[in-house]
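Student: I would like to learn how to read a protein model step by step. Could you take me through one, starting with the whole and ending with single residues?

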Amino acid sequence: MRVVRTIAEWRSLRAQFGASACVGFVPTMGALHAGHESLIESARRESDIVVLSIFVNPTQFNNPEDLEKYPVTTEQDIALARKHSVDYVLMPESMTELYPDGYRYKVSEIEFSQELCGAHRPGHFDGVLTVVMKLFNLVRPTRAYFGEKDFQQLELIRGMVNSFFMDVKIVACPTVREADGLALSSRNVRLNENARKKSQSFPLALMSAPTVEAARAKLEELGFAVDYVVDKGNRRFGAVSVDGVRLIDNVER
């Protein structure tokens, strides 16, 4: 496994891939957990070359404090990548590696990105789509793997790929959950003992409440600060905060 920290080095390596190589790509912000492992395992089964990126993308954080508190576990992440036979870890050493323009150019979507998380995190999905397009242009993957836990993100990336005729297949992987039902997230490590215990009620309320109004009422009764609970298509989406940690989830209806 090779860890690559500059775009120049990566471009030199990428040029050596054979034209017929099937490249599986898993983009992440690090703080890897079993959900990420499932993405890497899928990529490893289906690809000749597996590339994992680790980059805490500042442009998708509308709250500077949230960026400062985002967990960084670089040594553990690299060990996990090695365990799963990742071929390359692309880990840009600075923001200027991926944003030489200082984020003057960006990718925006003007409908779905304004709903759900987008309504509560202005500019968030501009940052997500921009960094993903940059990474796709650099890695040139055959397939890219994303978890259904971030379903809005998944749908927006699919839309971007289709709109810009990008030659990559987006592979959706099921949400991985703890035994008590809480969706795995890098943010979960920030939950204290009481908040972690309370958090198991979040997916349960989304799944069991007959209406979004009932789900919101139940979550507020339990002490969550509720950003939204919305039924859209065959899914129910929710976002809450508990002790300052924001959690999102979605369940099929």
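Tutor: Let us begin with how the chain folds back on itself, keeping in mind that this model is predicted. Among the contacts in the protein with a separation of 6 or more, 70% are accounted for by residues 24 or more positions apart.

Student: How many helices and strands does the protein have, and what are its overall dimensions?

Tutor: There are 11 helices and 9 strands, and the C-alpha trace spans about 55 × 40 × 35 Å along its principal axes. The radius of gyration is 18 Å, close to the 18 Å that the globule rule gives for 253 residues, so the protein is as compact as a globular protein of that length.

Student: What share of the residues is buried?

Tutor: Buried residues make up 52% of the 253 residues.

Student: Which residues touch the most other members of the largest nonpolar core?

Tutor: They are W10, F136 and I157, in a core of 44 residues. Several elements give two or more residues to this core, including α1 (7-14), β2 (23-28), α7 (124-139) and α8 (151-163), and the largest share, 10 residues, comes from α7. If you look at I157 and leave aside its neighbours within four places in sequence, you will find it in contact with V128, L129, V132, F136, F146 and I170. There is also a second, separate core of 18 residues, which includes A195, A205, L219 and V245.

Student: How should I read the salt bridges, and how many does the structure hold?

Tutor: The general idea is that side chains of opposite charge can pair when their charged atoms come close. This structure holds 16 salt bridges. In one of them R190 pairs with D66, the closest N and O atoms being 3.2 Å apart. R190 lies in the loop between β6 (169-173) and α9 (193-199), whereas D66 lies in helix α3 (residues 64-69), so the pair ties together parts that are 124 residues apart in sequence.

Student: Are R190 and D66 buried or exposed?

Tutor: R190 is partly exposed, with a relative accessible area of 24%, while D66, at 14%, is buried, because buried means under 20%.

Student: Where do R235 and E148 lie, and what does their pairing tie together?

Tutor: R235 forms a salt bridge with E148, with 3.7 Å between the closest N and O atoms. R235 lies in strand β8 and E148 in the loop between β5 and α8, so this pair ties together parts that are 87 residues apart in sequence. R235 is buried, with a relative accessible area of 8%. In another salt bridge, the side chains of D231 and R236 meet at 2.7 Å, N to O; D231 is partly exposed at 40%, and R236 is buried at 0%. Salt bridges that share partners also join D66, R121, R187 and R190 into one network.

Definitions and conventions. Residues are numbered from 1 along each chain as its sequence is written. This is a predicted model: local features need pLDDT of at least 70, side-chain atom pairs count only at pLDDT 80 or more; totals for chains, interfaces and linings use all residues. Side-chain values use heavy atoms; hydrogens and water are left out. A nonpolar core is a set of buried Ala, Val, Leu, Ile, Met, Phe, Trp, Tyr and Cys residues joined through side-chain atoms within 4.5 Å. Buried means under 20% relative accessible area, exposed over 50%, partly exposed in between (1.4 Å probe, protein chains only). Helices (H or I, at least four residues) and strands (E, at least two) are DSSP runs, numbered from the N terminus. Contact means heavy atoms within 4.5 Å. A salt bridge is a side-chain nitrogen of Lys or Arg within 4 Å of a carboxyl oxygen of Asp or Glu. The radius of gyration is taken over C-alpha atoms; the globule rule is 2.2 Å times the number of residues to the power 0.38.
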